[in-house]
Amino acid sequence: MEIPQLPLMLDLWQSTINWQPTQSQQQKFQELYETILIGNQQQNLTRITAPEDFWEKHLWDSLSGIAPLLETDSPSHHIPKNAKIIDVGTGPGFPGMPIAISKPEWKINLLDSTRKKIVFLNNAISLLQLQNATTILGRAEAVGQESYHREKYDLALIRAVGQPSVCAEYILPLVKVGGLGILYRGHWAEEDTVNLESALSKLGGKLKSIQSGQTPVSRGVRNCVYILKTTPTQSQYPRAVGTPHQQPL
Ligand code: SAH
């Protein structure tokens, strides 16, 4: 199978998120791309396969959500140097894998409920020799009730898993008080804010900010929603497997 080369885009990285991959990180992005294209022949991992699309909609998009945290002197939020991160419903590893490649000092857990995706990720992690990434096979509703994971993360991320209040119920129980949750969204409407704030009041969170922007090549709409965990989540959340999705808060 002929694998194309990903574009480098150093100027765009710099101008949009004030960061650039090193040569070895670019090499790992390429290896991730190859691993996903090969894995795509076995299972449906992603429909985004052209090199420019993969760069923009997977690599750039994954890192844009944490861009405010990459600024070392950022006043926006303090994430410890060796932060513990969880990516909920990571699928083929987004946004978690590009983040693991870019932030070797962060420890990333990739959670998904589909065994085949986890098998793929375990293989990818070992091929790319990522020392800071591990996987968890399970449902967010169940993992959020395990003491080993509950309120243990400095940062929880979620992209393309469900509506905002469902995502909030999946991630907030996993975040430490004082930690941060990030929802990666496309379009965002005023009523999304109203619904999310009502869910957050039950989950111990507070809406911190919403960063609106466009992807740098195809100008797609992006909204990143930053949530602060302010008080411990009551033990009834997350509710039983399936309930958050069937009866959103
Ligand atoms: N975040 C990735 C994948 C999105 S597809 C991306 O943006 O490309 C949604 C993924 O979430 C699927 O892989 C599915 O298995 C997983 N998922 C859905 N509900 C889940 C739950 N309750 N707990 C854990 N994973 C879940």
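Close-up 1. The largest pocket has a volume of about 740 Å³, where a pocket is an open set of points, on a 1 Å grid over the protein atoms alone, at which a 1.4 Å probe fits, with protein on both sides within 12 Å along at least five of seven lines; the volume is the space filled by probe spheres set on the points, which are joined across faces, edges and corners. The pocket is lined by 30 residues, and Gly-89, Gly-91, Arg-159, Ala-160 and Val-161 lie nearest its centre, a lining residue being one with an atom within 4 Å of a point. At least two lining residues come from each of α3 (51-64), β2 (107-112), α7 (140-143) and β5 (175-185); helices (H or I, at least four residues) and strands (E, at least two) are DSSP runs numbered from the N terminus. This is a predicted model, in which local features need pLDDT of at least 70 and side-chain atom pairs count only at pLDDT 80 or more, whereas totals for chains, interfaces and linings use all residues.

Close-up 2. A backbone N or O atom of Phe-94 lies 2.7 Å from a nitrogen atom of the ligand, and an N or O atom in the side chain of Asp-112 is 2.6 Å from an oxygen atom of the ligand. In the side chain of Glu-141, an N or O atom is 2.9 Å from a nitrogen atom of the ligand.

Close-up 3. Arg-239, found in the loop between β7 (221-229) and α10 (243-246), is buried, with a relative accessible area of 17% (buried means under 20%, exposed over 50% and partly exposed in between, with a 1.4 Å probe and protein chains only). Its side chain makes a polar contact with the side chain of Glu-169 at 2.8 Å (a pair of N or O atoms within 3.5 Å, of which, within protein, one must be able to donate a hydrogen and the other to accept it; residues adjacent in sequence count only if both atoms are side-chain atoms). A polar atom of the Arg-239 side chain also lies 2.8 Å from the backbone oxygen of Gln-247. Residues are numbered from 1 along each chain as its sequence is written, and side-chain values use heavy atoms, with hydrogens and water left out.
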